[in-house]
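Have the viewer open as you read.

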Amino acid sequence: MLPYLIKRLGSLIVSLLVASLVIFACIEVVPGDPASFMLGINAQPDTVDALREELGLNQTIAQRYMSWITGLLTGDMGTSYTYRSPVSDIVADRLQVSLPLALYALALTVLVAFPVGVLAAARRGSATDLSVMGVTQLGIAVPNFWFAILMVIVFAINLGWFSAGGFPGWDAGFFAGLKALTLPAVALALPQASILARVMRSSLLDTLSEDYIRSARAKGLTKRQVMWRHALRNAMIPVLTIIGLQFSFLLAGAIIIENVFFLPGLGRLVFQAITQRDLIVVESVVMLLVFAVILVNFLVDLAYAWVDPRLRARS
Amino acid sequence: MAETGFLKSAVRSRNLMLGLALTSVFAIAALVSLIWTPYDVTVLDIASKLKSPSAEHLFGTDHFGRDTFSMVMVGAQTSIAVAFIAVGIGIGLGVPLGLAAAANRGGWLDEVIMRGNDLVFAFPSLLIAIMITAVFGPSAVNAIIAIGIFNIPVFARLSRGAALPLWTREFILSARVAGKGATRISAEHILPNITNLLIVQGTIQFSLGILAEAGLSYVGLGAQPPTPSWGRMLAESQTLISIAPHLALFPGFAILLTVLGLNLAGDGLRDLLDPRIRRTGR
């Protein structure tokens, strides 16, 4: 396990390095000078100079990159020039919304997809199976922000069960916070749960057609015992892959869904930063999101190796 | 003979037929809207704003009095064009990269291409779009680039994976013996054998592209006014949902049905063109 871990850790670091270079380069190719880009064409020359000084634009590119990276590593993401406060403070604040939202949506996804996928596979070809396949086909095709708007019309405007948007903050109580995140989490989870339920179903069907399942049935185990003891565990590998991929879709989706519900999360932060041309915030938040995606994929790889010893041996 | 057999099973595939029917409705709407729409979408008619659906305005009108039905028709142009070109970028760059990687299996080129793929995969298309927008400003072209970049590794992986087993086959060996180089073999022998796979994946990426374009223009990173787009129509409808919920319905259904149509067509094509590969739901 250890050599595998070291190898994967090495490629994790290389990926992060290259990603940071790409993001840094994107911001560097801003037409003209970043300081005047951020301040707009009507800015006073001395304001531009002050910002140039603050951004360290008088240093070389290499120096700037190094100070950005060392900053990131020590938790210092610079100072947002629109909010006039440390980016790391703003990000920490916004993460209190985005992270619970992503986890809530992931939990919903798994909680719905597993039983539905198992049910469909266990009753292959039945009316249950067909309706699961039909509903999930729709779930995949629905744009989640539109589904979110429809839920607002039904559950917020007509029924009044939820508020149409906004976040009261965790100070208002755990359940008040959770309630405000419920519609957004459902909207995020719908397409992902549909995909995962289908993957779960087809992976189980593949496993159920294996010889060892037939042997298990032949030695007298019931269908249910075979499903729980043998099939489920072996069907998990493709399911794990998809869950890992889904995390990055959830993050990306959250950026849009936060805008539907006016949630003060990372997604809205990025959009506000773009409209205000606050490149310092854009650069660091994008890096943070990419870091999250790369890290999750790394963890999924480790999970594979843990579930499936053959993968460890291969490296 | 083989041709008619293919057509027969194509017509018998319910998924494929339903998918093609749905997709054609929107493709035709987009084409027709190039020369004709029930109302001119560039003319504002404030007197008839926010009308509910009626015989006169099938889908009602928006806050500027524009006919929603006509807007949905013209919006189909944007969605289809953006997604189609983005698939083109994915195939145009991804397939040669994948074929080159497969031809140099285990070599440094293979390694570089595949690592590059992993890296692009780590950037969700929305983040690519955000970066591009932060620097160059929002536009339909930037949306195309963002979705297109996301498509490249998808096609590169697919074509590499499909090409690798082909390289060990006899007909490739005989082409090598005949003195053909790797590039010619890839183009003349490998590519024709993976076309079916590319068509199926192209359909799937097309539908993902429609969804991505809608999402991007919903948050303002896609096509800019006055170009009508389904995503932006939904964004504009959102402030009016309590007084005119119909505005949020029709563009959404347009996206849903187009994507559904493409997915069904993709399923049907996959069953038809490559019965060995079972659909896993993605």
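## A covered helix in chain A

A residue counts as buried when its relative accessible area is under 20%. Keep in mind that this is a predicted model. With that cut-off, how many of the 25 residues of H11(A) are buried? The tally is 19, so the helix is mostly covered by the under 20% rule.

H11(A) runs over residues 236–260. From first C-alpha to last it reaches 34 Å, which is close to the 36 Å expected at 1.5 Å a residue. There's a bend along the way, though: about 30° at Ala254(A). Just past the end of H11(A), Phe262(A) takes a positive phi of about 50°.

## What UniProt says about chain A

An unreviewed UniProt entry puts "domain: ABC transmembrane type-1" on residues 95–300 of chain A. In the model, that stretch is 83% helix and 0% strand, and its end C-alpha atoms sit 22 Å apart.

UniProt (unreviewed entry) also gives "transmembrane region" for chain A at residues 12–30, 101–122, 143–162, 174–197, 235–257 and 285–307. Take two of these spans. Residues 101–122 of chain A come out as 100% helix and 0% strand, with 32 Å between the end C-alpha atoms. For residues 143–162 of chain A, the figures are 75% helix, 0% strand and 21 Å from end to end by C-alpha.

## What UniProt says about chain B

For chain B, the "transmembrane region" feature (unreviewed UniProt entry) falls at residues 16–36, 80–99 and 240–265. Residues 16–36 of chain B are 95% helix and 0% strand in the model, and the end C-alpha atoms are 29 Å apart.

## Enclosed space

Rolling a water-sized probe over the atoms shows where empty space is left.

Which residues line the largest cavity? They are Asp62(B), His63(B), Arg66(B), Thr68(B), Met71(B), Met233(B), Glu236(B), Ser237(B) and Leu247(B). Two elements of chain B give two or more residues to this lining: helix H3 (68–103) and helix H9 (230–238). H9(B) has the largest share, with three residues. By class, the lining splits into three nonpolar, three polar and three charged residues.

Technical notes
Residues are numbered from 1 along each chain as its sequence is written. Chains are lettered from A and ligands numbered from 1 in the order in which they are written. This is a predicted model: local features need pLDDT of at least 70, side-chain atom pairs count only at pLDDT 80 or more; totals for chains, interfaces and linings use all residues. Side-chain values use heavy atoms; hydrogens and water are left out. On a 1 Å grid over the protein atoms alone, a cavity is a set of points where a 1.4 Å probe fits but cannot get out, and a pocket is an open set with protein on both sides within 12 Å along at least five of seven lines; lining residues have an atom within 4 Å of a point. Helices (H or I, at least four residues) and strands (E, at least two) are DSSP runs, numbered from the N terminus. Ala, Val, Leu, Ile, Met, Phe, Trp, Tyr, Cys and Pro count as nonpolar, Asp, Glu, Lys and Arg as charged, and the others, Gly among them, as polar. The expected span of a helix is 1.5 Å times one less than its number of residues. The bend at a residue is the angle between axes fitted to the seven residues ending there and the seven starting there. Buried means under 20% relative accessible area, exposed over 50%, partly exposed in between (1.4 Å probe, protein chains only). UniProt positions are given in the numbering used here, feature names are shortened, and annotations may be inferred rather than shown by experiment.
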